[in-house]
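Reader: I would like to know what stands behind the labels in this model. Take me through them, please.

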Amino acid sequence: MTYKVLHIGAGGFGERWCDTFLPPNVADGTIEVVGLVDIDAKALEIGRKHLGLKGQHCFTAAAQAFQMVDADFCTIVIPPALHEGIVDLALARGMHILSEKPIADTMEASVRIAEKVRKSGLSMGVTMSHRFDQDKSTLRALVSADAIGRINTVSCRFAGDFRLYDSWGRFRHEMMHPMLIEGAVHHLDIMADLAGAPCTSIYARTWKPEWADYKGDTDAIVLMDFANGAHGVYEGSSAQATGLNDWAFEYVRVEGESGTAILDHREIEVFRRYPMRLRQASRQGKGQQVSLLPGKKWQNALLIEQFCEWLDGGPPMATSVWENLQSVALVFSAIESVRLGQPVKVQEFLQSYREGASIE
């Protein structure tokens, strides 16, 4: 079945959807884009050209678009604080929803959205694009295949140079916690996925160096404990001088009982322990190189396809709104840890909000 899509957001990362993520799924008949929305007329025109839409299918007001367009689901690619209003419009029209991360800009709003979707009986997925990139998917497959044994630690470093105003989208420079909400939302999610168990405790420190042109904190160090005994360390910064590990080029290391897997700048290598040696020493760049998994679609292009397979009657996607509450809880429990200056029990934190919203 080809699903009709109303796409919300053509500017910023929304343009990437219009020129990279939606077209492959249009080309193979997975979807048909029947409407486009953006408050910026210039961004709307650029998105229209990418998608080959006619002018009458483009709108500057979301409410008008939802009244005029007959679609099976909508895609949401606008700032997190605006997500809930679009979700409400979609549910009122009986549309399924595929949204950019995070679910919303607060834990309360995220749980409210999940509860609304549950009551509606409709489906909602969240596009955790980086977890489903080709390099991270290859690392996940390697770790899941027990190539390095039981997991001990997962480490991740993101070091990007977005220190100047508007280098990372203006709204992020105005946020209180841009690194945690807009950056670590991906990286902590990837770490929990690689650890193979829910996060039980999180301890975060954040700050902003004086050279960073932001209102909120651009740098973070996060310690994580997982239910299976694994531990995690995250280092994130959007104010680095040289951008050593920018978006899609992060450094991730997974230490296991019998080996180590390293992902750095989209290259993966594995080191294995030799049982008969008393001790051994290794050096990055000298391990066994691992080829990336083959595939035509990655990131959000793949997630759009998975969402449509779910709508076709398949199993819920791994990033359904209910499963993605775990990812959102990582971010907001980290923010709570910063406020308290102490570790936060993640599952208790999440449960407190679920109970308040009566989520089953």
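Author: Start with the pocket. On a 1 Å grid over the protein atoms alone, a pocket is an open set of points with protein on both sides within 12 Å along at least five of seven lines, and lining residues have an atom within 4 Å of a point. Helices (H or I, at least four residues) and strands (E, at least two) are DSSP runs, numbered from the N terminus. By these terms, α8 and α10 (321–340) each supply at least two residues of the lining of the second largest pocket.

Reader: What kind of model is this, and how are residues numbered?

Author: This is a predicted model, where local features need pLDDT of at least 70, side-chain atom pairs count only at pLDDT 80 or more, and totals for chains, interfaces and linings use all residues. Residues are numbered from 1 along each chain as its sequence is written, and side-chain values use heavy atoms, with hydrogens and water left out.

Reader: Which element gives the largest share of the lining of the second largest pocket?

Author: α10 does, with 5 residues. The whole lining has 16 residues, and Arg131, Asp189, Ala192, Glu323 and Gln326 lie nearest the centre. The volume is about 300 Å³, meaning the space filled by probe spheres set on the grid points, which are joined across faces, edges and corners.

Reader: What makes a lining residue nonpolar, polar or charged?

Author: Its residue type. Ala, Val, Leu, Ile, Met, Phe, Trp, Tyr, Cys and Pro count as nonpolar; Asp, Glu, Lys and Arg count as charged; the others, Gly among them, count as polar. The second largest pocket has 6 nonpolar, 6 polar and 4 charged residues in its lining. For the largest pocket, the lining divides into 19 nonpolar, 10 polar and 11 charged.

Reader: Where is the centre of the largest pocket, and which element gives the most to its lining?

Author: Gly11, Gly12, Phe13, Gly14 and Phe171 lie nearest the centre, out of 40 lining residues. Two or more residues come from each of α1, α2 (41–51), α7 (170–173) and α8. α1 gives the most, with 4 residues. The volume of this pocket is about 1,200 Å³.

Reader: Why is the contact between Asp28 and Lys297 called a salt bridge?

Author: A salt bridge needs a side-chain nitrogen of Lys or Arg within 4 Å of a carboxyl oxygen of Asp or Glu. In Asp28 and Lys297 the closest N and O atoms are 2.5 Å apart, so the pair qualifies. Asp28 lies in the loop between α1 (13–27) and β2 (31–37), and Lys297 in the loop between β14 (288–290) and α9 (299–311), so the bridge ties together parts 269 residues apart in sequence. The structure holds 22 salt bridges.

Reader: What makes Asp88 and Lys116 a salt bridge?

Author: Their side chains meet at 2.9 Å, N to O, and the limit is 4 Å, so the label holds. Asp88 lies in helix α4 (residues 83–92) and Lys116 in helix α5 (residues 107–120), so the pair ties together parts 28 residues apart in sequence. Asp88 counts as partly exposed at 34%. Lys116 counts as partly exposed at 27%.

Reader: Which residues does Leu311 touch, and why is Leu311 called buried?

Author: Contact means heavy atoms within 4.5 Å. Leaving aside neighbours within four places in sequence, Leu311 is in contact with Tyr3, Phe73, His96 and Ser123. Its relative accessibility is 18%, so Leu311 counts as buried. Leu311 lies in helix α9.

Reader: What makes two strands a pair, and how many bridges join β7 and β11?

Author: Two strands pair if DSSP finds at least two bridges between them. Strand β7 (residues 151–159) and strand β11 (residues 251–256) have 6, in the antiparallel sense, so they count as a pair.

Reader: How many bridges join β1 and β4?

Author: Strand β1 (residues 3–8) and strand β4 (residues 73–76) run parallel, joined by 4 bridges. Ile8 has Ile76 in β4 as its bridge partner.

Terms used:
Buried < 20%, exposed > 50% of the residue type's maximum accessible area, 1.4 Å probe, protein only. 1 Å grid on protein atoms, 1.4 Å probe; cavity = no way out; pocket = protein on both sides within 12 Å on 5 of 7 lines; lining within 4 Å.
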